[in-house]
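The following exercises are to be worked with the sequence and the 3D structure at hand. Each task is followed by a solution in steps.

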Amino acid sequence: MTTMADVARSAGVSVATVSHVLNGTRPVLPHTRQAVLDAVEELGYTTNTLARSLVTARTRSIGLAVSAISNPYFTEILQGVEAAALDAGYSLLIADPHDDPEHERKVVRLLHERRVDGMIVAPSADPRGLLDYLGRHDVPAVFLDRLVDAPGKDGGPLFDQVCADNAEPTSRLVTHLAGLGHRRIALVAGRPGLSTTNERITGYRSGLAFAGLAYDERLLVHGDSESAGAEQATEALLSLGVPPTALVTGNNAMTIGVLRALATHGLSVPDDIALCCFDDFAWADLFSPRLTAIAQPGKDIGARAVRVLLERLAEPDRPVRTVRLPCTFVHRTSCGCPSPTEEGTPS
């Protein structure tokens, strides 16, 4: 079996240098690092992960706790996390908390027991148990997509966080619809308690105010971030004495439920009711009409979360930070515009 000494002889370096390259314990000159990696590839050397973890107290693994992995948006996040982790030499352990606080705490504990070096978590609407566990066990963690408003000692957040901008893009959808003449614009919002839901509601209300439209609480309904919930919420909107003429949906799963409810009532988009969506997805361009949407940078969010976590592992005392990435307004035809002119412009 090929040993580290064999790799060192082939690359013309010391065993210590090979160790530094493979374990990332000390900077190595680029040409030396490449020589070691070439020797590893040529000789087919594989590291003993268990032995290395005993020496370094690191397993070079990351735990990822994200609900609704079947959601295309979270699938993109997963792809970004996996690619960035692999590129940095880390393996990935994945668990689904099912957006349930009790289950969330359980899967985080199980990931911790697997000795992951750190965790990336999309928190539930009630993350108190999560915060308690991570804090008591001093687990390096990054929250993604959903922020947690729990101040640390310096008044900032307790943990590093990575997410998309939510309020301004939602406001832009509302003002776009208002610019097309709509005066009764409804929002099918996500699960109460999530930061994404709260921020998109803030954006909805600021968009109405900017357009000079009064806020009507009957036009704000919750679809609980799921298709079935959004279908029921849309039914409630359509039963109003004066129903909305335009809808904004809070995520891609709810867009499907809204479209199902509209179809049940024989309503056509955008002829009978205009529609704009938060979350673009691969087949949004295939709908008839094509869906005007806000596209989140899912892969970039996942990759950035990994980089932020690795920086935290390398420098545990660095200041905690929240990173927000911009979204993109994808202008199609479900809003009622005959020919989009701003497709792909940043929000």
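**Exercise 1.** Which residues of α12 are buried?

*Solution.* The model is predicted, so local features need pLDDT of at least 70 and side-chain atom pairs count only at pLDDT 80 or more, while totals for chains, interfaces and linings use all residues. Residues are numbered from 1 along each chain as its sequence is written, and side-chain values use heavy atoms, with hydrogens and water left out.

Step 1. Locate the element: α12 covers residues 298–314. Helices (H or I, at least four residues) and strands (E, at least two) are DSSP runs, numbered from the N terminus.

Step 2. Apply the cut-offs: buried means under 20% relative accessible area, exposed over 50%, and partly exposed in between (1.4 Å probe, protein chains only).

Step 3. The buried residues are Gly 298, Ile 301, Gly 302, Ala 303, Ala 305, Val 306, Val 308, Leu 309, Arg 312 and Leu 313.

Step 4. Their cover includes β1, α5, β3, β4, β5 and β11, where contact means heavy atoms within 4.5 Å.

**Exercise 2.** State the strand order of the open sheet of 6 strands, and identify its edge strands.

*Solution.* Step 1. Two strands pair if DSSP finds at least two bridges between them. The order is β2-β1-β3-β4-β5-β11, and the pairing is parallel.

Step 1. β2 (91–95) and β11 (322–325) form the edges, each pairing on one side only.

Step 2. As an example of the pairing, β1 (residues 61–65) is joined to β3 (residues 118–121) by 4 bridges; Gly 63 stands opposite Met 119 there.

**Exercise 3.** Determine how the buried residues of α7 are arranged, and what they pack against.

*Solution.* Step 1. Helix α7 (residues 128–136) lies across β3 and β4, running at about 160° to β4.

Step 1. Leu 130, Leu 131, Tyr 133 and Leu 134 are its buried residues. Viewed down the helix axis, they fall within an arc of 165°, so they line one face of α7; the arc is that of the directions from the helix axis to the C-beta atoms.

Step 2. These residues pack against α6 (101–113), β3 and β4.

Step 3. Arg 128 and Arg 136, on the other side of α7, are exposed.

Terms used. Axes fitted to C-alpha atoms, helices over the stretch in contact; angles between N-to-C directions. Expected span 1.5 Å × (residues − 1).
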